[in-house]
Amino acid sequence: MNSVLSATPNTKPFMRSRSLRRALSEAHDYDTWSQTARALDDLSGRGDWKLRERSSLYDYTTIGEKLEELRDARKRGDSRRMVFALEEGVHGNLGGMGRAVLYSKAQFGTKKLIGDYVATVADTLLHIERLPEQTMRHVDKLDLFRRASHCYGRSALMLSSGGMLMYFHFGVAKCLFEQGVLPNTISGSSAGAIVSAVLATHTDAELEGFFTPENICFGEQWKPNLLERATGLRRIFGTAAFEHTFERLIPDLTFREAFALSGRNVSISVSPCERHQSPRLLNAITSPHVLIRSAVRASCAIPGLFEPVQLLARDSYGKTVPYLKSRWIDGVFAADLPARQLARLYGTNHYIVSYINPVLLPTFRDHKLESDRLRPLMRMLKGSLRNLAKSTDAKLGKYFPESSLGVVNKVIHDLLSQDYVGDVNIAPHRRFVSPLKLVSPHTNEEIAEVILEGERQTWPRVEMIRNSSRISRTLDEILRRAGEPGLVAS
């Protein structure tokens, strides 16, 4: 067999490709992964594909024309023409350049034309910011930057529920942070709430080197005993372990104090116990004085395992007091991925989803990249289950008016009504998880493995996130320097 392969003209490229693919799957850092991905693209011809502008997947003609117009205006120093070109072309999907399928053809990145256009727009915005007052008035610059920011929007990172698969979220956050593309708008429910709260209550300097198993382990340090090794059984978390971890990982800050510290707009979802209460998205705008730690406790209160939680806040004198009379439970049932609320509060229109919900994970499909024939069937099944829950409540609820039947049906309806896919979707490669692992402590080796899985699943999407968010990040930085932080907590 080996002699046949060696005699075949394509043997060396084939062996090289196989070696590179193995190296790609075994990479332990982004630099190694990206270098390997580029080498594989060059070997497969995708490197040439990225250099060729022409493609039926996007409007390369329009993007090319806008790019040349900006470059020519910069070369001639024509600020009026620069402004006009920006006003006509600053939006995230010009010519379809934001389509996820454009990032599925090569291992690393996409068409060079798209990267060149995004970089030129960002550089032109910075050039206009530096123009002297006599060339362009400060008030006119601000007007341009405000309108461009409103038009372009911004990205949000949404972290789903998922028990101890939470460490996958930490891997995603670690990658985005280290590559400088972690959005300032972040939401989380249940397990995602823990990661969101950590990001909200720590500065960039504090997050450097933070994402290690020793720092983020949940509960006590655990090593399986002889019986657990022999049987494969795992011990279950106790409430004391949760409380200790919350206090260790999440400082005692309100949402407003956390925003002032980190500059990150973090929202946490909680669900009501009472059937007539509305779910809440807690953040520095809607509930500035609520303590983040209490919001996380509520968002992690899984019915049947933990008691509902009373939210806490600081009053006008700085004293910790109860917030509202209701008690709250796991945020997954209300808004696991609250895209609409984030859009209303922060002007987001581009969503990065890290999805680890173990109940729906086996059915999770990235419809942005895949042609999923099962999607209509799944939509029909979810609709049927919602109708069943509604009819059950209508028929039996009157006989059990004070029971939990209505609440259960409401939870089922809300869970099935949500959309679980964003613009960039990141999920574990393995879709089936042992239920015991979701509520049990992990060894440091297990934690490191799940963190690395989160990083590895994020690496192929970094360039898409970078291109999709570079203009909005540039505008946010410009507005911040101008003393106008934009759509953030006041």
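**Helix packing and a cavity**

Helices α10 and α16 are roughly antiparallel to each other (over 145 degrees; under 35 is roughly parallel, 65 to 115 roughly perpendicular, the rest oblique). Their packing angle is about 165°, and their axes lie 9 Å apart (lines fitted to C-alpha atoms over the stretch in contact; angles run from 0 to 180 degrees between N-to-C directions). The model is predicted: local features need pLDDT of at least 70, side-chain atom pairs pLDDT 80 or more, while totals for chains, interfaces and linings use all residues. Numbering starts from 1 along each chain as its sequence is written, and side-chain values use heavy atoms, without hydrogens or water.

Look at this pair in detail. Helix α10 covers residues 191–200 and helix α16 covers residues 292–299 (DSSP runs of H or I, at least four residues, numbered from the N terminus). The crossing is right-handed (near helix turned clockwise from the far one by less than a right angle; anticlockwise is left-handed). From α10 come Ala193, Ile194, Ala197 and Ala200; they meet Ile292, Val296 and Ser299 of α16 (heavy atoms within 4.5 Å). Six of these contact residues are nonpolar, one is polar and none is charged (Ala, Val, Leu, Ile, Met, Phe, Trp, Tyr, Cys and Pro are nonpolar; Asp, Glu, Lys and Arg charged; others, including Gly, polar).

Now turn to α7, residues 112–130. Helix α23, residues 462–481, packs on α7 at about 5°, with the axes 9 Å apart. These two helices are therefore roughly parallel. On the α7 side, the contact includes Ile114, Val118, Ala122 and Leu125. On the α23 side, Asn467, Ile471, Leu475 and Ile478 are among the contact residues. The contact has 10 nonpolar, three polar and four charged residues.

Helix α5, residues 60–76, also packs with α7. Here the angle is about 35°, and the axes are 10 Å apart. The crossing is left-handed. Among the residues that meet are Tyr60, Ile63, Leu67 and Arg74 in α5, and Leu113, Tyr117, Val121 and His127 in α7. By class, seven are nonpolar, four polar and five charged.

The whole structure holds three cavities of 30 Å³ or more (grid points, 1 Å apart, where a 1.4 Å probe fits but cannot get out). Helices α7 and α23 each give at least two residues to its lining. That lining consists of Gly92, Met97, Gly98, Tyr103, Ile114, Val118, Tyr152, Asn467 and Ser468 (an atom within 4 Å of a point). Five lining residues are nonpolar, four are polar and none is charged. Ile114, Val118 and Asn467 belong to this lining and also to the contact of α7 with α23.

Notes:
On a 1 Å grid over the protein atoms alone, a cavity is a set of points where a 1.4 Å probe fits but cannot get out, and a pocket is an open set with protein on both sides within 12 Å along at least five of seven lines; lining residues have an atom within 4 Å of a point. Grid points are joined across faces, edges and corners, and a volume is the space filled by probe spheres set on the points.
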